[in-house]
Structures are given as C-alpha cells and as structure tokens.
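Dear colleague,

I am passing on the structure below, and my notes on it follow. Please read them with the coordinates open beside you.

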Amino acid sequence: MRANILLLFTCVALVFSAKGSSPAPYTIIDSGNAAYAKGNYDKAITFYNSFTTSGYQSAQAYYNLGNCYYRKADYANAILNYEKAKALNPSDADIQFNLQLANLKTTDKITPDSSFFLSNWWHNFVDTFSEKGWAFICILLFVLGLGLIAGYLVSRNMVLRQLGFWGGVLLLVLSLATFFFSREQYNALTVHDTAIVMSGSVTVKGAPEEKSTPLFVIHDGAKVWIIKSEGEWTEIKIANGNQGWLLTSDIAPI
C-alpha cells in the first residue's frame with residue numbers, strides 16, 4: 001500500500017515537474033535534424049545517440065534515430081528505436097505507422113497465438129496515454145470525485161446527494177483504475193522485459209548451452225519477450241508462444 005502511494009506521488013511529480021535542474025541539450029536534436037535533412041544519416045545518428053546516451057529520454061530523438069536507420073535499411077535498429085519512442089509516447093500515430101512499416105521489412109512473419117491477441121488488445125488500450133497522461137487523468141478524476149463526495153455531504157437535496165455519492169464513488173473507482181494504468185506504463189519504461197533481435201539469424205536453443213537442441217530460427221528485427229537470464233544466455237518467448245534460449249549478445253533490450 002505504501003509503495004502504491006509513493007508511486008502516485010511520483011506520477012504527480014512527473015506531471016508537474018521537468019526532469020533535472022538544467023535544460024536538456026535539445027540543440028543536439030536540432031543538429032541531428034539538420035544532418036538528416038541533408039541526407040547525412042550517419043552524422044544525424046551520431047547527434048541523436050549523443051543525446052540519448054547523455055541521460056535524457058525523448059520520444060522525438062528515438063523516433064528520429066529510427067528514421068535514420070530505416071533510411072539506411074538497418075531495420076533491426078530502426079525497430080529498436082521506434083519501440084523505444086513508442087514506450088515514451090505510445091499514442092503517437094507517426095511512431096506507430098513507421099514501426100509497422102519497419103516490421104514489414106523483417107524476415108519473420110510470426111503469427112501470434114490467441115492469448116497474445118488479448119494481451120495485445122489490452123496493451124493497446126493502456127497505450128492510449130503515457131504514464132504522465134494516465135497520472136494526470138488519475139489526479140483529475142480523484143479531485144472531481146472528492147468534489148462530488150463533498151457535495152453529497154453538504155447538500156440537503158436528495159437527488160443531488162444521490163448524484164454526489166454515486167458519481168463520486170464512480171469517479172474514485174475510475175481514478176484508481178487509471179492509477180494502475182499509469183503504474184503499468186511506468187513499469188514499461190523501467191522494466192526492460194522485451195528486446196529486438198539484432199543478429200542476422202539466430203538459432204534458439206532448448207537449453208542455455210551451445211550444444212543443446214536447436215528449436216527454431218529467428219532473424220534480426222524480431223521482437224522477443226525476456227523470461228530470464230542465465231550467464232551469457234537469455235530465455236525468450238516470441239508472439240506465437242514458442243520459447244527457448246539464445247545468447248544475450250544477439251538481442252538489444254527495448
């Protein structure tokens with residue numbers, strides 16, 4: 001309970017405060033944009049990477065990086081950066097569209113299992129807003145709910161009292177729901193349980209050792225879900241439910 005309360009205050013702080021005491025060097029992104037406009041994608045990548053590795057996070061920077069790699073036909077890196085941009089701004093239509101285009105360029109066309117469809121629908125719904133967006137909605141509903149409850153307590157009109165009570169309860173329940181949506185989005189940013197295959201062709205093994213039984217092959221650009229790691233090996237799962245082990249060096253976490 002205490003952890004949830006602390007997370008709520010963290011969400012509030014995220015909504016009403018900026019990151020850090022000094023402004024982010026967004027001029028680096030402008031320099032990258034200028035290089036990109038001239039078709040110098042390698043130079044643009046250098047600028048964008050300089051920004052993302054300096055401790056700042058920006059959906060725009062990751063999106064621009066994805067565009068650079070897409071132009072260079074490096075679709076694995078394009079997908080990786082589009083996914084990072086989507087994690088920060090899940091409702092952005094341009095990010096979603098370019099990610100779909102990049103996924104069309106990959107070798108593997110994995111058919112998701114039925115449980116994945118349901119999970120994917122749920123994540124798409126939660127991705128309607130970022131963690132800051134859900135946190136703002138949570139706070140707004142909470143304040144409105146308290147206002148209706150206060151109206152119930154002070155009003156002498158029976159209709160207004162009923163409206164205040166049930167309306168307040170409904171808004172407080174919705175506020176609690178949006179709090180958990182915000183927490184899920186926050187966890188998506190801090191818990192890296194998905195990754196992109198970066199190596200051209202990877203044979204997934206039945207155990208974390210080179211001589212173990214080969215199970216299936218996946219290629220660069222494929223998205224995997226990380227189950228656990230053991231030494232230099234990582235157990236992964238793909239959208240159709242198949243799972244196995246591959247070298248950690250073959251993937252990059254989102």
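Is Ala73 buried, partly exposed or exposed? With a relative accessible area of 45%, Ala73 is partly exposed, where buried means under 20% relative accessible area, exposed means over 50% and partly exposed lies in between, using a 1.4 Å probe and protein chains only. Before going further, please note that this is a predicted model, in which local features need pLDDT of at least 70 and side-chain atom pairs count only at pLDDT 80 or more, whereas totals for chains, interfaces and linings use all residues. Residues are numbered from 1 along each chain as its sequence is written, and side-chain values use heavy atoms, with hydrogens and water left out.

Ala73 lies in the loop between helix 4 (59-71) and helix 5, and its phi is near 65°, a positive value in a residue other than glycine. Most residues other than glycine have a negative phi.

As for the chain, there are 9 helices and 7 strands, taken as DSSP runs numbered from the N terminus, with helices being H or I of at least four residues and strands being E of at least two. Of its 254 residues, 35% count as buried. The accessible surface comes to about 14500 Å², of which 60% belongs to carbon and sulfur atoms; these areas come from the Shrake-Rupley method with a 1.4 Å probe, and for residues only the protein chains shown count as cover. Among contacts (heavy atoms within 4.5 Å) between residues at least 6 apart in sequence, 56% join residues at least 24 apart.

Two asparagines come next. Asn77 is found in helix 5 (residues 75-88) and is buried, with a relative accessible area of 19%. The side chain of Asn77 makes a polar contact with that of Asp74 at 2.9 Å, a polar contact being a pair of N or O atoms within 3.5 Å, where within protein one must be able to donate a hydrogen and the other to accept it, and residues adjacent in sequence count only if both atoms are side-chain atoms. Beyond its neighbours within four places in sequence, Asn77 is in contact with Tyr69 and Met198. Asn98, placed in helix 6, counts as buried at 15% relative accessibility, and, with the neighbours within four places again left aside, Asn98 is in contact with Tyr63, Asn67 and Tyr82.

Ile218 lies in strand 3 (residues 214-219) and counts as buried at 1% relative accessibility. Its C-alpha atom is separated by 5.4 Å from that of Val202, 16 residues apart along the chain. Leaving aside neighbours within four places in sequence, the contacts of Ile218 include Val202, Val224, Ile236 and Leu246.

Pro25, in the loop between helix 1 (2-16) and helix 2 (27-37), is partly exposed, with a relative accessible area of 25%. Not counting residues up to four places away in sequence, Pro25 touches Phe51 and Tyr56.

Finally, the lining of the largest pocket has 46 residues, of which Glu83, Lys86, Asn120, Lys223 and Trp225 lie nearest its centre. Helix 7 gives the most to this lining, with 7 residues.

With best wishes

Notes: 1 Å grid on protein atoms, 1.4 Å probe; cavity = no way out; pocket = protein on both sides within 12 Å on 5 of 7 lines; lining within 4 Å.
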